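Hi,

Here is the structure I promised to pass on. Have a look at it first, and then read my notes below.

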Amino acid sequence: MSEPQDSTEIEVEPAQETQQTPAVADDVLPDTLYLIPVPHRPFFPGQVQPIGINPVEWQSTLEALQREGHGLIGLSYVDVADSRSAESRQFPEIGCAVRLHRTPMTADQTGHFLAQGIKRFRIVRWLNDKPPYLVQVEYPRSQGDRDDDEIKAYAMALIKQIRELLPLNPLYSEELKQYLANFSPRQPSQLADFSAALTTAKGEQLQEILDTLPLRSRMEKVLTLLRKEREVAELQGQITSQVNEKVSAQQREFFLREQLKIIQKELGISKDDRTSDVEMFEDRIKDLVMPDAAAKRISEEMHKLSVLETGSAEYGVTRNYLDWATSVPWGVLSDDNLDLAHARTVLDEHHEGLEDVKDRILEFLAVGAFKGEIAGSILLLVGPPGVGKTSIGQSVAAALGRKFYRFSLGGMRDEAEIKGHRRTYIGAMPGKFVQALKEVEVANPVIMLDEIDKIGASYQGDPASALLEVLDPEQNGEFLDHYLDLRVDLSKVLFVCTANQLDTIPGPLLDRMETLRLSGYVAEEKLHIAKNHLWPKQLRRHGLKDDQLRINDAGLKYVIDSYCREAGVRNLEKQIARIMRKSIVRLLDEKTKKLRVGKKDIEVLLGKPPFQAERPLRGVGVVTGLAWTAMGGATLPIESSQVHTLNRGFKLTGRLGDVMKESAEIAYSYVVAHLKDYNCDQDFFDMSMVHLHVPEGATPKDGPSAGVTMATSLVSLARRERIKRPLAMTGELTLTGQVLPVGGIREKVIAARRSKIMELILPFANRRDFEELPDYLREGINVHFARNFREVFEFVFDDHRADESLH
């Protein structure tokens with residue numbers, strides 16, 4: 001379909017009534033023409049179309065045209081942004097001479113006129129290559145006999161293509177009427193030009209047809225464009241039909257559903273949405289044991305719902321509120337399994353070791369069995385990553401037969417996550433605890449609050465403060481959720497919280513929880529966990545049978561000692577999974593059915609081990625300490641060295657924290673003040689620059705427990721005497737030489753066993769902590785308990801006090 005001519009200069013008017021004007025004879029066509037460039041599409045002979053010219057920009061051309069008096073002008077296709085800047089080389093050789101049927105300077109000051117294509121022209125010579133463009137032209141004739149049978153056949157093919165286009169777009173019929181009013185269908189040249197103008201082809205393709213004078217070639221090209229036009233029109237028709245069918249189907253379904261609703265309502269077999277909602281909420285609460293305040297509020301809201309229009313915004317808000325309020329399991333309690341033997345079996349199946357934690361959980365269950373019910377409680381499991389804190393909560397729920405719900409507090413910064421949003425806010429929801437009760441459908445689940453030590457605070461509130469009400473047994477029986485604005489009983493819920501450390505937990509919140517510490521595992525425990533839990537679990541996960549892939553104890557021990565020295569077993573599980581992936585590749589490549597993995601195969605599967613066998617550092621001024629970290633216990637060698645004897649000084653390195661620096665200064669001051677008591681050169685520190693270093697300088701270190709170790713290192717340096725046996729120690733030192741208790745005794749003992757150090761010095765006040773350790777941790781360890789540094793000195797440098805040690 002032809003498109004109107006438009007650019008910044010030439011604009012298309014709506015179609016006007018066609019005026020029939022006789023064609024101009026060749027002998028009256030002028031041999032010079034003024035040119036105007038047209039963008040987008042060329043103009044064809046026989047085409048009648050309204051166009052517009054900007055009379056301001058083309059004033060000189062229009063005035064010259066008016067002086068000529070014949071009303072003929074040349075239109076050439078030039079696709080440039082600014083037609084007035086077009087150069088002569090950009091004009092095509094062939095253009096179309098058109099007659100203006102309305103002179104713009106006399107009839108219409110807007111520059112609108114009707115143009116009728118007369119004949120092709122060829123530019124012979126440029127007379128003026130600047131506006132107004134003036135050229136000398138000639139008028140070439142079409143080449144070909146219109147009475148030739150082949151030309152007639154092409155003409156019939158063109159008419160057939162046009163006939164096929166007519167039903168696809170009604171606008172084509174208007175173009176055809178316009179053509180028939182001026183020309184005969186038996187004129188093949190005009191038919192070809194008309195057919196080309198009918199299409200939506202690109203300007204370059206249409207200009208090529210305008211340039212083609214041989215009639216047969218021109219008709220071939222036009223026939224190709226018409227076929228493409230028909231394909232596009234058919235595709236457009238299919239798309240329109242599909243859209244209409246989809247819309248019609250949706251409208252039909254909508255009307256049918258509305259009619260069905262009306263019919264069902266008239267017959268009394270269906271109710272409207274409002275009635276259905278009210279009946280659904282009433283059905284939910286009929287078996288619930290609700291507090292009076294909650295029952296009254298829900299009754300009021302359902303009465304409000306029954307009088308509101310279903311399309312109103314308030315209806316949606318009220319309905320959402322009732323949906324949440326009636327989903328809370330008011331008074332619905334699950335039956336607890338109080339069989340202690342069953343609980344012990346479940347805990348042993350899921351966890352290896354952790355006897356002290358299991359005993360505390362069994363004590364809790366025993367009290368519940370004795371009373372006949374288990375009241376809500378708050379347990380806090382503290383330990384390094386990967387020691388099984390989260391899975392213990394799941395095991396407690398399984399032992400009791402209760403529903404389990406877990407959510408993480410890590411990074412939570414909005415107190416509304418705990419206590420809910422007020423109903424006045426868009427998108428308001430209840431807090432996590434009401435959501436948990438809705439999901440588990442009972443009022444006494446086990447709810448795990450993971451990563452409670454990583455809870456945040458922001459301008460939106462402090463979630464840790466909001467938890468104070470939830471985790472207080474004296475208050476959580478009437479927990480107020482801001483969204484429901486009702487008191488919810490959380491006193492029957494068993495809360496299990498987990499944390500890696502206690503430092504970041506607010507004191508008031510920590511005071512409300514009973515703390516159970518989960519220390520790291522020793523190598524023997526890791527071996528049992530790997531054999532009994534991790535290896536079978538990964539076999540199932542990788543689709544392997546027990547006899548397809550096996551690993552011996554030596555191989556597992558090598559993985560534990562050389563690849564997985566952290567406190568937990570998470571990395572051990574990753575390494576086992578890696579072994580299985582590599583082994584599956586070998587099974588497929590070697591086309592074998594079974595594979596055995598031993599110690600010699602581990603390095604092939606996992607690469608070089610990141611850990612080598614630890615050898616405690618030895619030498620003058622070198623002492624091994626024990627430290628606690630969030631990943632468990634660790635050995636901490638401390639080195640002292642005399643740098644020079646030019647002046648007195650004391651230097652610390654090793655990325656030490658403020659508390660550890662103060663401990664070093666206390667140790668230095670104490671040793672300097674008591675050199676005589678420990679048989680040291682009393683002038684040693686007067687002219688010595690002493691450097692104390694804690695290795696692994698990239699790792700931050702802090703805490704007071706290295707005071708005793710630092711003092712021992714300085715005494716060793718001053719006496720120029722090395723420690724003759726493997727020994728590790730921990731304890732805080734005061735200026736008067738007292739040894740104060742420290743924390744993390746279990747983790748530190750585990751770290752010593754891991755490093756094969758079997759002789760320890762601990763503060764005397766930590767004797768109870770050591771004696772409470774399981775037998776398998778204390779076995780084979782020789783421990784000396786010191787009240788003051790004098791006793792530490794005698795244990796380290798004199799052997800006659802060995803009889804006072806505890807074996």
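D193 and R120 form a salt bridge, with their closest N and O atoms 2.7 Å apart. (A salt bridge here is a side-chain nitrogen of Lys or Arg within 4 Å of a carboxyl oxygen of Asp or Glu.) D193 sits in helix α5 (residues 188–198) and R120 in strand β5 (residues 112–128), so this pair links distant parts of the chain, 73 residues apart. Helices (H or I, at least four residues) and strands (E, at least two) are DSSP runs, numbered from the N terminus. D193 counts as buried at 2% relative accessibility, and R120 is buried too, at 5%. Buried means under 20% relative accessible area, exposed over 50%, and partly exposed in between (1.4 Å probe, protein chains only).

Before you go on: this is a predicted model, where local features need pLDDT of at least 70, side-chain atom pairs count only at pLDDT 80 or more, and totals for chains, interfaces and linings use all residues. Residues are numbered from 1 along each chain as its sequence is written, and side-chain values use heavy atoms, with hydrogens and water left out.

How many salt bridges does a search of the whole structure find? It turns up 39. Another one joins the side chains of D472 and R512 (3.4 Å, N to O). D472 is in the loop between α16 and β10 (479–481) and R512 in the loop between α17 (507–511) and β13 (514–517), so they tie together parts 40 residues apart in sequence. Here D472 is buried at 12%, while R512 is partly exposed at 25%. There is also a network of salt bridges linking E301, K304, E314 and R423.

Now for helix α16 (residues 463–470): six of its eight residues are buried, so the rest of the structure largely encloses it. Those buried residues are P463, A464, A466, L467, E469 and V470.

What about disulfides? The search of the whole structure finds zero, a disulfide being a pair of cysteine sulfur atoms within 2.5 Å. Among the cysteines, C564 is buried with a relative accessible area of 1%, and C680 is buried at 10%.

Last stop, a loop: P700 lies between β19 (689–693) and α23 (707–719) and is exposed, with a relative accessible area of 55%. Its C-alpha atom is 7.7 Å from that of G654, although the two are 46 residues apart along the chain.

Cheers
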